[in-house]
Amino acid sequence: MPDNLNRRQFVKGATTAAAAAGYVVKTGVALAQDAPSARVRVGVMGLSRGKSLALTFGGRSGVEVACAADVDINRAKAGGAAIEKAGGKAPEVVQDFRRILDNKDIDALVCAAPNHWHAPATILGCAAGKHVYVEKPCSHNPHEGELMIQAARKHNRAVQMGTQRRSSPSITEAMQLLWDGEIGRVYHANSWYGNARGPIGKGLAAPVPDFLQYDQWQGPAPRVAYYDNRIHYNWHWFWHWGNGELGNNGIHALDLCRWGLQVDYPNRVVSAGGRYRFDDDQQTPDTHNVAFEFEGKKSMAWDGMSCNRHRNDFVTFYGEDGAMSIDGGGNCTFYAGATDKVKKEVNGNKGDVEHIENFVAAIRNDKPLDLNQEILSGHKSTLLCHLGNIAHRTGRNLTCSTEDGHIIGDDKAMKLWQREYEPGWEPVV
Ligand SMILES: NC(=O)c1ccc[n+]([C@@H]2O[C@H](COP(=O)([O-])OP(=O)(O)OC[C@H]3O[C@@H](n4cnc5c(N)ncnc54)[C@H](O)[C@@H]3O)[C@@H](O)[C@H]2O)c1
C-alpha cells in the first residue's frame, strides 16, 4: 500500500485486506475468527517509548510482540532487535503501522507515536477489531477524546491510557486510605514537574532524512515542511502535534489529583505562564501554572518548570486533618494534622508492569471496561491538560460545564476544542 494513502482510502483498503485475510466483518468491526485465547499478540506503533512498552508486554507470560512499526526505519529495526533479544522471537518490523491493523492474529495495538496520532490510530484500531493501549495524553484535543470513547463503545474494545500510576499497588492503597478519611475531608491537590531542558534552537527547513517516512509521521496533521529541530521528541513543543509540558508530564500528576479528589470535570480553569527561559522555536510554555476548581469545594493546581528543576515534588493532597504526598516513584507519605510529622508510609512502585498486566487481563477475560485507566477516565484527565492549554492560548479564564467539561460562553476558546485535519484524515467513528 502506498505511504501517502489518506484515512478514507486506507479504511477502504483495510476492509478489503481484512476480508482477504479471513476476518469476519460485522457492523463495521473486523474481528479475528479465533475465540479469545490465553495468548495475546500485540503490535507496537512508535519505538521510542514504545520500545520500553514492548519489552514489558513481551515479558508477560503468554504475551507476544508480533509487530514493531515505526516510520523511522532505524528505530523500527532497533526496536525489533531489542524485542527479539529479550523474547527470542523476532517481530515483524515495518514502517507502516497499518500492517498491525491488517494482521488478524494481532489482538491489540500499542500506540506510542506522537500525540497527534493517538486518537486517529486508536479509532482506526478499534474499527479494525483491535484493543488499544494508547499513551498519554490520550488525545491531541478534547473532541478527539470524545471520539475515542465512542469508538471504544461502538466496537466493544478495551482502550487503556498509559498513565501507569493508576495501576500502582502502593498508590491504589494510599488512595483508598485517603477516601477512608486518613487526613479528613480532602479539598485540594497540588502538583509539580521540574526539568532542566535546554533550548531547541531555530530550526531550518531541510530535506526529509532517508530513514523517515515523514508523510506517515504527519498522518492526520495538516502538512508542513520538514524542519531539522522537531523530530524526534521536540514536536511536544509545537501545538500542531503536541500539548506542551502540561500534556507531556502534567497529565501524570493531574490524573493522580483527579483520582484522589474523586472529581470529574472542573467548573473553572485559569492559567499563567509562557516561554520565558529561551528565545527559540518552542511554542508551548516552559513555565506554566494551571489551576482548576470543582464543585464541592475542591481544587487542584499544577506547576510546570521545564527549564529549572530546583523544586521537583510530584503530588500532594491537603485534607482537614493532614496531608498526603506521592513521589514520582509511587511512594506515598501521610502527614499528621497541619504538621510535617510522618503518620504513615505506603511504599511501592509506579505501576509500569501492573498497568500492562491490567490491560492484558481485560483482553483475556473479555472485559473491555475492566481497566484501571479506561478511556473515559483517561479522557477526563487529559481534558484538564487541554483546558489548561486553551486558557493559556486564549489568555482567558474558562468556565466549564461539570457535565462534560465543555467551555461555556466563549466561542474563541471552544474553537480550540478540535483541530483541522489533513484532508481525508479526519477521524470518523
Ligand atoms: N507513560 C509514560 O510514562 C510515557 C513516557 C514517555 C513517553 N510517553 C508518550 O509516548 C509517546 C511517544 O513519546 P516519545 O518520547 O517516544 O516520542 P518520540 O518522538 O521520541 O518517539 C515517537 C516515535 O513514534 C514514531 N512514529 C511517528 N509516527 C508514526 C507512525 N505513523 N507509525 C509508526 N511510528 C510512528 C516516530 O518515528 C518515533 O520513533 C508520547 O505521546 C508520550 O507522551 C509516555
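How many residues of domain 1 are in contact with how many residues of domain 2? Let's tour the structure and find out.

Before you click, note that this is a predicted model: local features need pLDDT of at least 70, side-chain atom pairs count only at pLDDT 80 or more, and totals for chains, interfaces and linings use all residues. Residues are numbered from 1 along each chain as its sequence is written.

**The whole protein.** Colour by pLDDT, the predictor's confidence in each residue, from 0 to 100. The average is 92, and 91% of the residues score at least 70.

Select residues 1-5, where pLDDT stays under 50. Next, select residues 12-36, where pLDDT also stays under 50. Where pLDDT is low, the predicted coordinates should not be read in detail.

**The two domains.** Colour 7-165 + 357-374 as domain 1, and 168-201 + 215-350 + 380-417 as domain 2; these bounds come from an automatic or database domain assignment. Their centres, taken over C-alpha atoms, are 26 Å apart.

**Where they meet.** Here is the reply to the opening question: 21 residues of domain 1 are in contact with 27 residues of domain 2 (contact means C-beta atoms, placed from the backbone, within 7 Å). Now select helix H5 (115-127) and helix H6 (142-155), the elements that give two or more residues to the side of domain 1 that touches domain 2. Helices here are DSSP runs (H or I, at least four residues), numbered from the N terminus. H5 gives the most to that side, with four residues.

Notes
Contact = placed C-beta atoms within 7 Å.
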